[in-house]
Amino acid sequence: MPHKALIVGGGISGLSAAYYLSKAEVRPILVEKAPELGGVIRTSVQQGCVLESGPDGFMAAKPWAMDLIRELGLADQIIGSNDHTRVTYIVRHGKLVPLPDGFMMMVPTKFMPLLRTSLFGWGTKVRMGLEFFRRPNGRHADRSVYDFLMDHYGQESIDYLAEPLLAGVYGGDPKRMSVNSVLSRFAEIETKYGSLTRGVLAAPKAPTTSGPKSFLWTLKKGLGQLIEKLRPNADVVHGTVEALDRNPSGFRARVNGEWIEAEHVVLAAPATECAKLLGSLNPELADLLSGIPYTSSVTISLGYRKDTFDHPLKGHGFLVPKLEREYLMGCTWVGNKFDYRVPGDMVLLRCFMGGNGLALTDDELVAIARTELRRIMGVQAQPVFHSIARWPDAMAQYAVGHEKRVERIEAIMQTIPGLHLAGNAYRGIGIPDCVKMGRDAAASITSSRTPSHLQA
């Protein structure tokens with residue numbers, strides 16, 4: 001007797017699919033090749049400090065993660081980022097320069113802070129001001145984030161604003177990123193208003209609510225709480241899916257040398273891994289999935305005794321533009337960003353590096369992080385502990401043409417009943433986006449009748 005559903009991948013997308021299936025009284029089989037569930041969500045505790053090896057929060061503007069958290073009974077564990085203390089610094093000529101007030105990502109909305117900042121020269125400031133008067137010129141074809149922002153604000157705004165901000169979120173290159181997929185809201189604003197600044201200022205203000213108003217949300221004891229709550233909703237098999245075929249029951253997957261049959265399969269693994277399984281089922285689909293690029297990263301958490309730490313830490317951290325970058329891409333001052341993370345006698349810094357740090361040893365990574373923190377922040381203190389996480393090929397990149405690629409992927413998927421995709425490679429990289437894709441896959445399974453290729 002085939003199972004109703006098989007899920008490949010035990011990250012937040014696959015676990016969300018499992019949860020929503022279990023709500024409909026469908027207990028799936030879930031295959032995860034790593035020894036732990038959760039994908040890039042991984043929480044640990046050292047000396048009272050809550051360490052996030054992957055994402056540390058999720059956007060408040062997207063509801064799906066919050067909906068799931070409430071359903072799981074974790075509403076009393078929700079905390080918001082301390083936005084009243086938020087200052088983000090950009091490294092310029094080796095110095096920490098605060099991002100001026102009034103920027104919506106890379107779009108200025110207040111002119112006096114722009115005039116006063118030392119982050120940009122006068123040529124860029126004038127260009128940013130004049131952009132306000134730009135008029136709409138119709139809808140453009142998809143182009144790179146670099147070309148889009150170069151057209152609006154110029155090179156310096158990319159070098160010292162857009163590139164470090166986007167590298168902090170996507171870990172990618174603005175010259176490759178699709179503006180329609182990465183900055184879709186700004187692309188729509190350009191079509192309607194011409195000027196990004198004028199369009200952002202004209203946007204209706206969000207309604208006032210009695211709920212949390214923070215930009216980011218997380219859980220008091222870390223996002224690992226979410227994974228622990230989701231864990232019991234599937235029969236988990238740790239191993240590798242070696243092959244995936246169609247059969248009279250729907251599909252069969254070879255896992256650790258044994259075949260598992262299922263009516264439905266949810267592929268919630270990275271797109272490149274899914275492509276390897278789909279080559280015989282649909283070569284075009286496999287080719288489209290294999291063409292989605294990924295970037296790698298390293299996260300280094302450094303814990304210090306507060307009485308030895310020699311920096312005031314006013315703000316939430318800093319970003320390092322590519323022009324000034326050696327290894328370090330940015331650093332979060334964790335105790336300032338979120339409460340309940342760091343005891344009063346400790347300081348926790350969360351450092352980020354790109355794929356060039358993957359091959360380095362732990363000792364080398366810590367030494368490099370300390371050297372660059374000394375250069376940028378003047379920190380001489382010795383950390384009392386460190387924790388390192390390496391994430392090879394973990395972040396999907398939405399390259400120019402991604403929108404059309406995903407539309408074609410979805411069109412092909414319609415021709416393969418019983419097969420579903422979920423993950424950060426398609427329509428959003430954040431936790432809420434992944435939860436939504438897992439939920440939608442589950443809804444498609446539970447609302448469907450027996451796939452047509454199984455009917456007599």
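## Strand 15 and its partners

Three bridges tie strand 15 to strand 21 (residues 419-421), and the two run parallel. One spot to look for is leucine 267, which sits opposite leucine 421 in strand 21. Keep in mind as you look around that this is a predicted model.

Strand 15 covers residues 258-267, and it's mostly tucked away: seven of its 10 residues are buried. It also pairs with strand 1 (residues 3-8), again in parallel, through five bridges. There, alanine 5 has histidine 264 of strand 15 as its bridge partner.

What about strand 14 (residues 250-255)? It pairs with strand 15 in the antiparallel sense, over five bridges. Within this pairing, arginine 254 faces tryptophan 259 of strand 15.

Strand 14 and strand 15 make a hairpin with two residues between the strands. Have a look at asparagine 256 here: its phi is positive, near 55°.

## Aspartate 56, a loop residue

Now move to the loop between strand 4 (49-52) and strand 5 (58-59), where you'll find aspartate 56. Is aspartate 56 buried or exposed? It counts as buried, because its relative accessibility is 12%, and the cut-off for buried is under 20%.

The side chain of aspartate 56 makes a polar contact with the side chain of lysine 337, at 2.9 Å. If you skip residues up to four places away in sequence, aspartate 56 touches Thr218, Leu223, Lys337, Phe338, Arg341 and Arg350.

## Glutamate 326, another loop residue

Glutamate 326 belongs to the loop between strand 17 (317-319) and strand 18 (328-333). With 49% relative accessibility, glutamate 326 counts as partly exposed, since exposed would take over 50%.

Which residues does glutamate 326 contact, leaving aside neighbours within four places in sequence? They are Asn356, Glu372 and Arg375.

Last stop: the surface. Met112, Leu115 and Trp122 make a nonpolar patch of about 340 Å².

One of these, tryptophan 122, is in helix 4 (residues 122-130). Tryptophan 122 counts as exposed because its relative accessibility is 56%, and the cut-off for exposed is over 50%.

Conventions. Residues numbered from 1 in each chain as written. Predicted model: local features only at pLDDT ≥ 70, side-chain atom pairs only at ≥ 80, totals over all residues. Heavy atoms only, no water. Patch = residues over 30% accessible without salt bridge, like charges linked within 9 Å, V, L, I, M, F, W, Y side chains within 5 Å. Areas by Shrake-Rupley, 256 points an atom, 1.4 Å probe, with all protein chains shown as cover. Salt bridge = Lys/Arg side-chain N within 4 Å of Asp/Glu carboxyl O. Helix = DSSP H or I, 4+ residues; strand = E, 2+ residues; numbered from the N terminus. Buried < 20%, exposed > 50% of the residue type's maximum accessible area, 1.4 Å probe, protein only. Pairing = 2+ DSSP bridges. Polar contact = N/O pair within 3.5 Å; in protein donor to acceptor, adjacent residues only side chain to side chain. Contact = heavy atoms within 4.5 Å.
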